[in-house]
Amino acid sequence: MSTGGATRAGPSPVLVLPALGFFAVFALAPMAIVAVLSFFSWDGLNTPRLIGFGNWTRFAQDSVTHQAIGRSLQVMALSWLVQTPVSLLLGVFLAGRQRYRAVFGTLYFLPLLLSSAAIAITWKNVLDPNFGLLGPLGRRWEAFSENWLGNPDLALYVVILVVSWQHIPFHTLLYQAAARQVPASLYEAASLDGAGRWAQFRHVTLPQLRYTVVTSSTLVLVGSLTYFDLVFVLTGGGPGYATRILPLDMYVTGFAKYQMGYASAIAVVLVLVGVLMSLALVRFSGFARMRSRLEGD
C-alpha cells in the first residue's frame, strides 16, 4: 500500500477471507434470518405465518419491552460509570512491580476463572436474607437485613454491582497491560519538573492510556447489551420486571411464551442499539483517527 510515495508493508488482504467467511456464515446470515422472521408469527414448531408489520406494531405499543430497553440503557450507563474508573485505577496500581501487588492481582483476577452461572449462584446465596452469609450480620445490624434481590428498588443496582464485580478484572487486565507500556522516561521527566503522583497520573498516565480507555469503554457499553446468563440465574428478571433487561425480555418472549416472531423483532432492536452505540463511540471518541504507535503516533 502506498502512502505519500512510501510503501507500507503488511499482510495480504487474502488472509482476512477465512475470518470474513466465518463472520458471514455465523453472524450475518443468522441476523438476516432473524430480521426476516420478525415479520412472521411463529411458535417455534408450526409453519411461520407472514403477518407483515404486526410484530413491529406490537413492539411500538409494548410498555414492558420499552421499560426493558430503558433498564438496558441504565445498566449500560451505570456499568460504565462503575467499571471504568475502578478498572483504570486498579490497572495502574497493579502495573507496579511490588510483590504484594502481584499477590493481590492473582486473587483479584479469580472472577475471570468463574462462569457467569457460578457467580450468580454464589452471590444469590451470599445475599439471601435468611440463609446467606449476610444473614448473621443482618440479625445484628439492620443495615445488612435488607432483601437485596427481593427489593424492586434495589435489585437492578445489585445486579449492576455483581456484573461489575465479574467484568472489572478483565478491564483491569487491559489497563494493567497498557500502563506497563508507558515509557519510564516520561515519568522521570515529569518528576524532574516537580510533578507529584497525581500530576503524573493526570498528565502522563491518562493521556497514554486514552486508546485503552476507548477500547475498554466500547467493550463495557456494547457488552452490557449481552448480559443475560448472570441476570437470568441471579434474579430471573424479577422481582416483577425490576431486572428484566432487553436480552432477558427477548428470551422470555421467545422461549417461555413461544413467540419467536416478536422475539426476533426485539433481537433486531437489540442489534440496532449495539450497532448505533458502536458507531457513536467510533464517531465521538476519535477511534477512527487513532494510529498505531508503531507508525510513530
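1. Leu-156 is buried in this predicted model, since its relative accessible area of 6% falls under the 20% limit that defines the buried class. The residue has its place in helix α7, and, leaving aside residues up to four places away in sequence, Leu-156 touches Arg-71, Gln-74, Val-75, Ala-242 and Thr-243.

2. Helix α7, which covers residues 155–179, packs with helix α3, which covers residues 63–94, at an angle of about 40° and with the two axes 7 Å apart. Angles under 35 degrees would count as roughly parallel and those from 65 to 115 as roughly perpendicular, and α3 and α7 are therefore oblique to each other. The crossing of these two helices, α3 and α7, is right-handed, and the contact between them is made up, by class, of 15 nonpolar, eleven polar and one charged residues.

3. For the protein chain as a whole, the secondary structure comes to 13 helices and four strands, and the C-alpha trace spans about 70 × 70 × 30 Å along its principal axes. Of the contacts between residues at least 6 apart in sequence, 65% join residues at least 24 apart.

4. As to burial and surface, 35% of the 297 residues in the protein chain are buried, Leu-156 being one of the buried residues. The chain exposes about 17700 Å², and carbon and sulfur atoms supply 68% of that area.

Technical notes. Residues numbered from 1 in each chain as written. Predicted model: local features only at pLDDT ≥ 70, side-chain atom pairs only at ≥ 80, totals over all residues. Heavy atoms only, no water. Axes fitted to C-alpha atoms, helices over the stretch in contact; angles between N-to-C directions. Parallel < 35°, antiparallel > 145°, perpendicular 65-115°, else oblique. Left-handed = near helix turned anticlockwise from the far one by under 90°. Nonpolar A, V, L, I, M, F, W, Y, C, P; charged D, E, K, R; others polar. Buried < 20%, exposed > 50% of the residue type's maximum accessible area, 1.4 Å probe, protein only. Contact = heavy atoms within 4.5 Å. Areas by Shrake-Rupley, 256 points an atom, 1.4 Å probe, with all protein chains shown as cover.
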